[in-house]
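Subject: Handing over a structure, with notes

Dear colleague,

I am passing on the structure we spoke about, together with my reading of it. Please keep it open beside this email as you go through the notes.

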Amino acid sequence: MPNMNERQQEYAIVTRALNREFRVRLKAEGLAASLRNFFAPQHKTVNAVNDLDMQIGAGEIVGFLGPNGAGKTTTLKMLSGLLVPTSGSIDVLGYTPFSRDHAFLRHISLVMGQKQNLWWDLPPVETFAIHRRIYGLTDQQYAERTKELIDMLEISDCLETQTRKLSLGQRMRCELAVSLLHQPKILFLDEPTIGLDILMQKKIRSFLLDYHRRFKPTILLTSHYMDDVAALAQRVIVIDRGNKVFDGYLSDLTHKLHPEKIVSVVLNNGNFICNPEEGCRLIHQDGQHYRLLVERNRVPEIAARLYATGNIADLTIEDPPLEDIIGQLFTAETRNS
Amino acid sequence: MQYAVTAIYISSLCLCAFVRYLVFEHDIMRQMAIIVNLWKATVIQAMEYRASFVFAIVANFFDFIFGLLQYLVFFTAAKSIAGWEADHMLVLYGVFMLVFALHFILLYPNLVAMGDMVNSGNLDLLLTKPVDSQLIISFRRISLEELGSIGTATILLGWLLYRGVIVFDIGNFLLFGVSMVSSLLLVYCVFVLLICLAVIMERLDNMSQLLWSLFALCRYPVDIYPDRIRYAFMSFLPVAFIATIPASALLGRSDSATVWHGFAMAVVAVLFCSWLWRRAIGAYTSAGG
C-alpha cells in the first residue's frame, strides 16, 4: 500500500477538477453525407465530465444520479482506471486509477448490469474458479467466501447450470457473487438491477445492504431505478451534462426541490374543501378519494383537520416519487435557474 | 561471423532484460496459472458442443492433406522451384503448418474474440482485473481444432527425417529451434499489432483475414519472389522468418547470421508491441457511457 496521508484515510475517493473529453465523429443523414464524411470526417469535442470535484468517505454508499449521457458511467470508468482523464486528478484509496496498479485493482470491483464476467457457456462455478486464481485466494478464503455469498444471494441451485440457461435474476446474483469474491474495498455498481423484475430488484437491494453492513465497502451506485437509490444511498451526487448540480443527502434534495408532501385521504362520506391559501392543493379526486399536495410545515395541521371530521376511512402521507423529483432537476426551467 | 556474434549478444541481452521484466515485475508465474485456468474453461466450453468440436478436427485434417496435394501438383510440371525441390517444399510445408497450427490454437480464437470484446465493451471488465492485460487477452482462449494438424505436420517432418531429406545435425537443429521461436514471436507481434488497432480504432472487422493473408505469403519460399520483394520480406515485413528461414535451417541451407538476425528482430518487435499495447490501452475510450 502506498503512503496514505490523513485525507486519504478519511476519504476513499477524491477527485479534483476532473475532466474528460471525447472526440465524436459527426455524420449527417444520407449516402452523400456518408461519402463526404468518409473522405473528410468532421469531429466535435464533447465534455462528458466537467470540473468534477467530489469526496467520498470510506464505507459510504453514494448514489450517482443523472439523465442518460450525463457522464455517470464515464466517471465510474475513470474511477476504476478504465479511462484516462483529460485533466484533473483522481485519488482512489491512495492510488491513481489509470496507472492500473495491480494492488489498486485488487481492491475494487466494477459491476455493470449490461456486461458480464460470467462465461456464457459454462456454469458460474467455473468463473468462480478463474476469479479465485486471478485474485490469488487461498483454499480457505475461497471456501469461506463462496459459502457466505452463496447463502446471502441464495444461488446454490444455479451454480452448476450453464450461464446461458439461467434467468436474468439468477445471472445477476451470480455476477455479484463473482465480483465480490475478493472482498473489494470499493464497489462500483453501474445499473446493477437493470431489466430485473421488482421482486428481484428488492432481493438485490437487500443483499447489497446486508453485504455493506457486514463488510463496509465504499459503494458508488448509478441506477435509473430511484427505488435502488432511495433504498441504498443516503447521499446522492447528481450530475447533468458533465456538471455536478447537487451533492448532499437525498432528504435535502427532496426538501429543496419539492417542499410539499402528498396526502391521500379516503372519506366515508361528505366533502373536503382544500384551500390553497392554507398551503393545500387538490391534485386528484376520484369519488371520496382525494390526493392533496400539502406544504411540509402545514401537513400536521391539515392531517389534524381531517381527523377532526371523524369521517376518515384511510389516510397516508408520503413524499412525491423520487423519479418526479429528479426529473424536475433536469427540466429546462430548473436548468436555466 | 562478427555480425552473428553481435546479433547473439544483443539478442541475449534483450531476452534477459525481457525475462527479468516478466518474472519480477509481471509476476509471470501467477499470470501463467490464470491462463491455464482459462484454457481449462475453454476446453470445457468446447466439449459442450461435441459434434462441432469433432467435425472441426476432421475438417482441419483434410485441409492439411489438400494443402499437401497442392504442393505435389506443382512438381508434376517442374523439378524444382527457385532452388526448392519437392522434398524441400514438403519440409517447408511441415514447418509452415506447425507455425500456422500453433497460431490457430493459441492466437486465432483470441483475435476473433477481441473484436467482440471491444465492440460490446466487455473489455472493460477484463481491464479492471489485476492481471497482465496483454498476456490474458492474447492467450485467454485456445482452440484445439488444429491439434490434428500439429500431429500430421510432425509426422510429415519425422518421415522426411527418416528418408534423409532432413539430415540429423545438432547445429542445424539448434538454428531451427531459434528460428522457430523467432517465427512464433513475429506472428505474435502481428497479432498484438492487430489487437492494438482494434482498441485504438474501436472497431476492426476481419482482423483474422489480415493475419491469414500474411500466412498465404509464408506458404511458399521467399526465393520465388523478385529481389526487391525478397528484401522487404527479410527486413521490415518479416515474411521470410515465419516459415522459409526455419525450413532452410532444418535443411542446413540457412546461415547462422540470418537466423540470429531474425531472432534479434523478433525480440525488438516483442518489446515494441509491449510498449504499443500500453499506449493502446491508455487511448482506450470504452464502448458506451
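Predicted model: local features only at pLDDT ≥ 70, side-chain atom pairs only at ≥ 80, totals over all residues.

For chain A the pLDDT averages 87, and 96% of the residues score at least 70. Within chain A, confidence is highest in strand 4 (residues 87-92), at a mean of 95, and lowest in helix 1 (residues 6-10), at 54. Over residues 1-8 of chain A the pLDDT stays under 50, and for that stretch the model has nine contacts beyond four places in sequence.

As to the overall build, chain A contains 13 helices and 13 strands, and its C-alpha atoms fill a box of roughly 70 × 55 × 50 Å along the principal axes. Of its 337 residues, 36% count as buried. If one takes the contacts in chain A between residues at least 6 apart in sequence, 71% of them join residues at least 24 apart. The chain is divided into domain 1, covering 6-254, and domain 2, covering 259-318, and the C-alpha centres of these two domains of chain A lie 42 Å apart.

I turn next to the sheets of chain A. One open sheet has three strands in the order 2-1-4, with antiparallel pairing. Strand 2 (42-57) and strand 4 of chain A stand at its edges, and because each has a single partner strand, one side of each is left without a neighbour in the sheet. From one strand to the next the twist averages 25°. Strand 1 (residues 11-26) and strand 2 of chain A are joined in the antiparallel sense by 12 bridges, and A:Arg20 stands opposite A:Val49 in strand 2.

A second open sheet in chain A has four strands, ordered 11-12-10-13, again with antiparallel pairing. Here strand 11 (280-286) and strand 13 (312-318) of chain A are the edge strands, each with a single partner, so one side of each has no neighbour in the sheet. The twist in this case averages 20° from one strand to the next. Helix 11 (residues 299-308) of chain A packs on this sheet, where it touches strand 10, strand 11, strand 12 (289-295) and strand 13, and its direction makes about 170° with that of strand 13. Strand 10 (residues 260-267) and strand 13 of chain A run antiparallel and are joined by six bridges, with A:Ile262 standing opposite A:Glu318 in strand 13.

Strand 8 (residues 235-240) of chain A deserves a separate word. With strand 3 (residues 61-65) of chain A, strand 8 pairs in the parallel sense over four bridges, and A:Leu65 stands opposite A:Val238. With strand 9 (residues 243-249) of chain A, strand 8 runs antiparallel over six bridges, and A:Ile239 has A:Lys244 in strand 9 as its bridge partner. Strands 8 and 9 of chain A form a hairpin with two residues between them, and A:Arg241, in the turn, has a positive phi of about 50°.

Is A:Asp151 buried or exposed? This residue lies in helix 6 (residues 139-153) of chain A, and it counts as exposed because it has 10 C-beta neighbours inside 10 Å, where exposure requires 12 or fewer. A:Asp151 and A:Asp210 are 59 residues apart in sequence, while their C-alpha atoms are 12 Å apart in space.

Finally, chain B. Across the interface, 23 residues of chain B are in contact with 27 residues of chain A. On the chain B side, helix 2 (28-48) and helix 6 (123-127) each supply at least two residues, and the largest share, nine residues, comes from helix 2 of chain B. By class, that side divides into nine nonpolar, 10 polar and four charged residues.

Within chain B, the axes of helix 5 (residues 108-120) and helix 10 (residues 207-218) come within 9 Å and cross at roughly 150°. The residues that meet are B:Tyr108, B:Leu111, B:Val112 and B:Gly115 from helix 5 of chain B, and B:Met207, B:Ser208 and B:Leu211 from helix 10 of chain B. This contact has five nonpolar, two polar and no charged residues.

With best regards

Notes
Residues numbered from 1 in each chain as written. Chains lettered and ligands numbered in written order. Axes fitted to C-alpha atoms, helices over the stretch in contact; angles between N-to-C directions. Contact = placed C-beta atoms within 7 Å. Nonpolar A, V, L, I, M, F, W, Y, C, P; charged D, E, K, R; others polar. Buried ≥ 20, exposed ≤ 12 C-beta atoms within 10 Å, placed from the backbone. Domains from an automatic or database assignment. Pairing = 2+ DSSP bridges. pLDDT = per-residue confidence, 0-100.
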